[in-house]
Amino acid sequence: MRYNDIVIKASQAFVLILLLTACEKEVDIDYHEVDPLYVVEGAVTELRTTVHVSRTRSMNATDDTDDAVDNALVVVSTPDGKRDTATYGNRGNYVATTKGVAGQAYRLDVYVDGQQFTSTSVMQQKPVLNNFRMVWKEMFSTRILFGELLIQDFVGEENFYYVHVFRNGFSYRWTVFSDRGSAGKEIKQLFTCCTEDDIDDSDSTISDTDVIWEGDDITIEIRAIDRRSYDYLSSMQTMSSAGTNPIANFTGGCLGYFSAYSPTTYYYEFHKADVEEEDE
Amino acid sequence: MSGGTVAVWSQQPTATDSTSIAREGQLKEVVVSAQGAQQRLSSVQIGAEQLQLKELRSAPSLFGEQDIMRQVQLLPGVKQESEASSGFQVRGGTSVQNQILYDEAPVYNAGHIGGLFSAFNAEALAAATLYKGMTPAMLGGASSAVLDLTARTGNRQQWHGLGSIGLLSAKGSLEGPIQRNKGAFLVCARRSYMDLFLKQTKDFRDNTMFFYDVNLKADYQLSDRDQLLLTFFTSRDRLALEDMVDMRWKNITATLRWVHQMGSSARSQTTLLHSTYKTDNGFDLMGLNFSYTGHIRHTGLHQDFMVQLGNHKLNAGLQSLLMRVKTAEWQQLALHEREERRAWDANVWLNDVIKMGSQWQLSAGLRLNVFSALGGAPYYDIDEDGTIIRLFKPKHSKLFKTYITPEPRLSLTYRPTATLSLKAGYSHTSQNIHALRNQSTSTPFDRYMLSSNLAKPERAHQLSAGFFAMTPTGSYDLSVEGYWRTISNVLDYRDGKNFGSAIELERLVLAGDGRSYGMEFCLRKNSGRLTGWIAYTLAWAQTRIDGVNQGRWYWAAVDRRHDIDIVAAYHLTKRWTLNATWIYYSGQAFTAPSAKYEIEDNWVYYYAERNGYRAPATHRLDVSATWTMVTPKTHTTREWAFGIYNLYNRKNPFLISFEDSEDGTQTTARQYSLFGLVPSVSFTVRF
C-alpha cells in the first residue's frame with residue numbers, strides 16, 4: 001500500500017464511516033454513447049512480445065461483444081533498430097518473437113485504419129519476492145484476512161512495481177507502488193481479502209469474488225516496471241475516485257499501455273490452517 | 001419574520017451592548033431584523049443576507065444539533081455542499097472559496113465529524129451576515145462568499161446560563177458581569193458524549209470518537225470612549241480506531257479588540273487576531289505506518305476607522321496578516337516530505353455609503369490587496385506535464401512573488417416608494433489561499449496552498465441586480481435577484497492526479513476560468529402565527545481549463561439547476577412551536593463513464609466528459625416541535641425539542657459508484673444514501 005493510497009483511503013474513511021449507516025440501491029444511468037476508441041495493451045517479456053488490440057465497449061452493451069481488432073499492423077522495435085512485425089493470432093492478440101533484455105528500451109508501433117499509436121518502455125530486472133503469507137488482523141472483534149508480500153527492492157535506482165493477484169485464474173487484486181521510503185530495502189505490501197466469518201459462513205452473502213475458499217489457488221505475479229508504465233497504472237488505480245482517465249501512455253490517441261518486464265510468479269494454495277496471526 | 005438577534009440573545013440588552021459597538025456597520029441590520037422586510041428593502045448592500053439566529057432554536061436539524069451553517073444552506077442562492085457536509089456553495093463558487101470570519105478571525109474547515117456539523121455553537125453567536133460575493137470594501141479574502149459571524153457578549157447586569165443535552169452532545173453556557181455595567185463575560189462549551197458509551201462496549205472500547213468546542217467572549221469598558229473585547233474560540237475533533245487510525249483536527253481563533261470613540265461621529269476599532277487550523281493524522285496497519293499533518297495559521301492586525309460626515313458614512317482601514325500554510329508533511333517509513341510556505345497579505349480599503357436624497361443610496365469602495373509569497377521555502381517551475389524543471393530557494397526575508405489586486409466594490413439602491421426598492425451592484429474579489437479536495441465535499445483532509453509564482457490569485461467579478469418589494473405592513477416581502485459571475489485561476493486536477501500524488505500541489509493541478517449565472521427568488525411571510533419563506537434558485541456554473549475535458553467548457557461540480565427551500569414555523573400555542581423544512585434539489589453534476597475497456601483483466605472506464613451526467617434529484621422533509629415553559633418564580637425556561645429528519649425516509653443520492661461483471665457485459669451503477677429517517681430529541685434549561 002503506497003502512501004498515496006493511504007492518503008486517499010484516509011480521506012475516504014469519513015465517507016465510509018458515514019456509509020456504515022447508509023443504504024444502497026441500483027440506479028439507472030442514461031449513458032452517453034461515444035465513438036469507440038482503440039485500446040492497445042502490449043508487453044515485452046524475456047519469452048516473447050504480446051500485444052492485444054481492441055476497441056472500447058459501449059456502456060450499454062449487454063452481451064460479450066467482440067471488441068477485438070484483427071486488421072492492425074503491430075511492430076516492435078529493439079534498441080539496435082530491428083523491427084519485428086507481430087503475427088495475428090485470434091481475439092485481437094498479436095505475438096512477436098522479440099524477447100526483452102533488462103535495461104533495453106523497446107518501442108511499439110500499432111497501425112490501424114490510417115492511425116499510428118506509439119509507445120516505448122525500458123525492460124526492468126526480474127523482481128525478488130522474499131516471502132508471502134496470509135495473516136489474520138483483528139478489527140472491531142472481526143478477523144480480517146490479509147495477504148502480505150515482502151519484496152526486495154533493487155539497490156541504487158528508483159524502482160516501480162506492479163503486483164497482480166489471481167484467484168483460481170481470475171483477477172482478484174492488483175496494485176502498483178514505488179520504492180519511495182524503502183529504497184534498497186524490503187518492501188511490505190498488504191492486500192485485503194475477506195473476513196473469517198465470510199469464509200466460515202457457507203451461506204455468505206458477500207460477493208463470491210471476494211471470498212477465498214479452502215483450497216483456492218492463489219497466483220501472484222510481480223513485475224518491476226518503468227516509470228511510464230507506473231504512471232499509467234498508478235493513474236488508472238486512482239481514476240475511479242477522480243473520474244479522470246489514466247495518463248496517456250501512447251501517442252496517437254489510443255487507450256492502454258505498453259510495458260517491458262520480467263515477471264516473478266508465486267503459487268499458493270489457500271488453507272485456513274496455514275494463516276498466521278498478526279505479529280504482536 | 002420575527003427575531004432580533006442581539007435583543008434575543010443578550011436577553012437584557014443595554015444601550016452600550018458591546019456587540020452593537022463592535023459591529024456598528026451591521027448594527028442597524030441586526031437590531032431591526034424584527035422588521036426584516038424593511039431592512040431588506042432599505043439596506044444598500046445587494047446580495048447580503050442577515051440570518052435569523054433565533055429561528056435556530058426551533059428549526060429542525062440532523063440529530064437535533066442546531067447548526068447555523070445548515071440554516072445558511074436554506075437561503076436563496078446558497079447550495080448545500082452535500083448531505084454529509086455543513087459546507088455551503090454560493091453562486092457557482094465552492095465551499096472552499098468562502099471565507100468564514102468569527103469576530104474578524106478566519107476559520108477554515110469549521111466542522112465536527114468530518115464536516116457533518118459546523119463547529120459554531122449557536123448559543124455563542126450574536127449576529128451572522130452572509131455576503132454572496134457582493135461585499136463592501138472592508139471584507140475580502142474570498143473569491144465567493146463571506147460569512148461574517150459576530151460572537152455574543154455576556155450580560156453586564158445579571159447572571160444567565162443554560163444547560164442542554166441532545167442525542168449527540170451536551171452543552172452549557174454561563175454569562176455575567178465582570179464588573180456591573182462595566183464588563184461581562186460569556187463562555188459556551190459543547191462536547192459529544194457518545195465515546196463515553198462506546199468505552200462500555202467490548203467491540204468499541206479501544207476506539208475514540210469525540211468533538212468539543214469552546215467559545216469565550218469578554219468585554220470591558222475602560223472609559224466612556226474606550227472598550228476592550230476579547231474573543232476566543234476553539235474546536236477539536238478526534239477519531240481513533242483501535243491502534244490503526246488516529247485522526248485529529250482543530251481550530252483556534254483569538255481576537256483582542258480595542259474600540260475607541262472619537263467624538264460623536266467617528267470611531268476606531270483596532271483588532272489583533274490569530275487563527276490556526278491544524279490536522280494531524282496517523283495510520284498503522286500491520287507495520288505499515290504513515291502520518292501526515294497540515295496547518296493554516298494567520299496572525300495580524302485589523303484596523304477600522306468609521307466616520308459619519310453629513311450624508312457620508314466612511315469606512316477606511318487596513319489589515320496586515322502573516323500567513324503560514326503547511327500544505328502537507330508526511331512520513332512513511334524512511335520517506336519524509338514537507339511543504340510549508342509563508343506569505344504576507346496586506347489590504348487597505350476605503351468605503352463610502354452615501355445617501356442621495358430620500359430615494360438613492362450608494363455604497364462605493366475600493367480595496368487594494370497586496371499579497372507577497374515569502375522566501376524561506378522552496379518554489380518551483382514546472383513543465384507542461386507537471387515535472388519540476390527548476391528549483392528556487394529564496395532567502396527567508398525575500399518577497400519572492402507579489403500580486404497586487406485592486407478590488408472595486410459598488411452597490412446602488414433606488415427606492416421609488418416605501419414598499420419597493422431596486423438594487424444593483426458590482427464586486428471584484430480575490431483569494432490567495434487555494435484548497436484541493438479529494439472528495440466532492442470538504443473534509444479535514446483538504447489540502448491548502450498559498451498563491452505562488454505558479455498559483456495565481458483566484459479573481460472573481462460579479463454583477464448583480466434585483467428588486468425588493470413588501471406589503472405596506474411588512475407582513476410579506478419578495479426579493480428577486482440575478483447575478484453573473486466570472487472567475488479566473490480556478491484549479492482542477494490534471495488527468496490521472498489526485499491530492500496525494502505529490503507533496504507539491506502545484507504539480508497536480510491546472511488553472512482555468514469559471515462562469516456562473518442565475519436567478520434567486522424569495523417570498524417571505526414575516527408576521528402572524530405562520531412565518532417562513534420559499535426560496536427558489538435557478539443557476540448555472542461552468543469551468544474551462546486547458547488540459548481538462550479537451551479544453552472545452554464543462555459543468556462545474558457545483559452545478560445544479562434548481563433549488564427549492566421551503567421553511568415554515570407555526571406558533572401553535574404559547575408553549576408549542578412547530579417547524580418544517582422541505583428542500584428539493586435537482587440533479588447534481590457528476591462524472592460517469594461513457595465507455596469501458598479491459599486492461600490487465602480488469603474493466604476500466606473511459607470518461608469522455610467531466611461532470612457530464614446528473615445524479616437523481618434530492619428532496620426531504622424535516623419537522624420539529626418545540627415545547628417551551630417559562631417559570632417566572634425561578635426565572636427559568638425549560639425547552640423540549642423533538643425532531644424528525646427526513647420524515648418520509650427518502651433515499652437521497654450521496655455517492656454513485658460503478659462496477660462491472662467479470663465479462664464486461666453488465667455495468668451496475670449503485671447509489672449510496674446517507675440518512676434515512678432520523679428522530680431527535682433535546683432538552684434545554686435556561687436561567
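# Close-up views of a predicted two-chain model

**Figure 1. Where chain A meets chain B.** The contact draws 64 residues from chain A and 66 residues from chain B. On the chain A side, helix α1 (residues 3–19) of chain A gives the most, with 12 residues. Sorted by class, the side of chain A that touches chain B has 34 nonpolar, 19 polar and 11 charged residues. Please keep in mind that this is a predicted model. Its scores are ipTM 0.89 and pTM 0.89.

Figure 2. To find your way along the pair, look for A:Lys25, which stands opposite B:Gln671 in β41(B). As background, strands of a sheet pair through backbone hydrogen bonds, either parallel or antiparallel.

Figure 3. Within chain B, strand β35 (residues 595–599) and β36(B) pair in the antiparallel sense over five bridges, and B:Ile599 stands opposite B:Asn602 in β36(B). The loop between β35 and β36 of chain B holds B:Glu600. Although B:Glu600 is not a glycine, its phi is positive, at about 50 degrees.

Figure 4. B:Asn549 sits in the loop between β30 (530–544) and β31 (554–555) of chain B. Phi of B:Asn549 is near 55 degrees, a positive value in a residue other than glycine. What about its surroundings? B:Asn549 counts as buried because 23 other C-beta atoms lie within 10 Å, and the cut-off for a buried residue is 20 or more.

**Figure 5. The four-stranded sheet of chain A.** This open sheet has the order β15-β12-β11-β19 (chain A), with mixed pairing. At its edges are β15 (186–195) and β19 (276–277) of chain A, each of which pairs on one side only. Strand β11 (residues 128–139) of chain A and strand β12 (residues 142–152) of chain A pair in the antiparallel sense over 11 bridges. A handy landmark on that pair is A:Trp136, which stands opposite A:Leu145 in β12(A).

Figure 6. Which strands pair with β5(A) here? Strand β5 (residues 73–77) of chain A is joined by five bridges to strand β9 (residues 105–112) of chain A, and the two run antiparallel. In that pair, A:Leu73 stands opposite A:Tyr111 in β9(A). Three bridges also join β5(A) to strand β6 (residues 83–85) of chain A, again antiparallel, with A:Val75 opposite A:Thr85 in β6(A). β5(A) and β6(A) form a hairpin with five residues between them. In the turn, A:Gly81 has a positive phi of about 90 degrees.

Figure 7. Which residues touch the most other members of the largest nonpolar core? Among its 76 residues, they are B:Val72 and B:Leu125. Strand β8 (residues 125–131) of chain B supplies the largest share of this core, six residues. Leaving aside neighbours within four places in sequence, B:Val72 is in contact with B:Leu51, B:Val78, B:Phe88, B:Leu130 and B:Leu147. A second, separate core of 56 residues includes A:Val40, A:Tyr162, A:Tyr172 and B:Tyr597. In soluble globular proteins, nonpolar side chains tend to be buried together.

**Figure 8. The layout of chain A.** Chain A is divided into domain 1 (38–58 + 66–123) and domain 2 (126–225 + 263–275). The C-alpha centres of domain 1 of chain A and domain 2 of chain A lie 30 Å apart. Three helices and 19 strands form the secondary structure of chain A. Of its 280 residues, 38% count as buried. Among contacts in chain A between residues at least 6 apart in sequence, 63% join residues at least 24 apart.

**Figure 9. Confidence along chain B.** The mean pLDDT of chain B is 88, and 93% of its residues reach 70 or more. Where in chain B is confidence lowest, and where is it highest? The lowest mean, 25, belongs to helix α1 (residues 5–10) of chain B, and the highest, 97, to strand β20 (residues 360–374) of chain B. Over residues 1–34 of chain B the pLDDT is below 50, and beyond near neighbours in sequence this stretch has 81 contacts in the model. Where pLDDT is low, the predicted coordinates should not be read in detail.

Definitions and conventions. Residues are numbered from 1 along each chain as its sequence is written. Chains are lettered from A and ligands numbered from 1 in the order in which they are written. This is a predicted model: local features need pLDDT of at least 70, side-chain atom pairs count only at pLDDT 80 or more; totals for chains, interfaces and linings use all residues. pLDDT is the predictor's confidence in each residue, from 0 to 100. Two residues are in contact if their C-beta atoms, placed from the backbone, lie within 7 Å. Domain bounds come from an automatic or database domain assignment. Ala, Val, Leu, Ile, Met, Phe, Trp, Tyr, Cys and Pro count as nonpolar, Asp, Glu, Lys and Arg as charged, and the others, Gly among them, as polar. Two strands pair if DSSP finds at least two bridges between them. A nonpolar core is a set of buried Ala, Val, Leu, Ile, Met, Phe, Trp, Tyr and Cys residues joined through C-beta atoms within 7 Å. A residue is buried if 20 or more other C-beta atoms lie within 10 Å of its own, exposed if 12 or fewer, and partly exposed in between; C-beta atoms are placed from the backbone.
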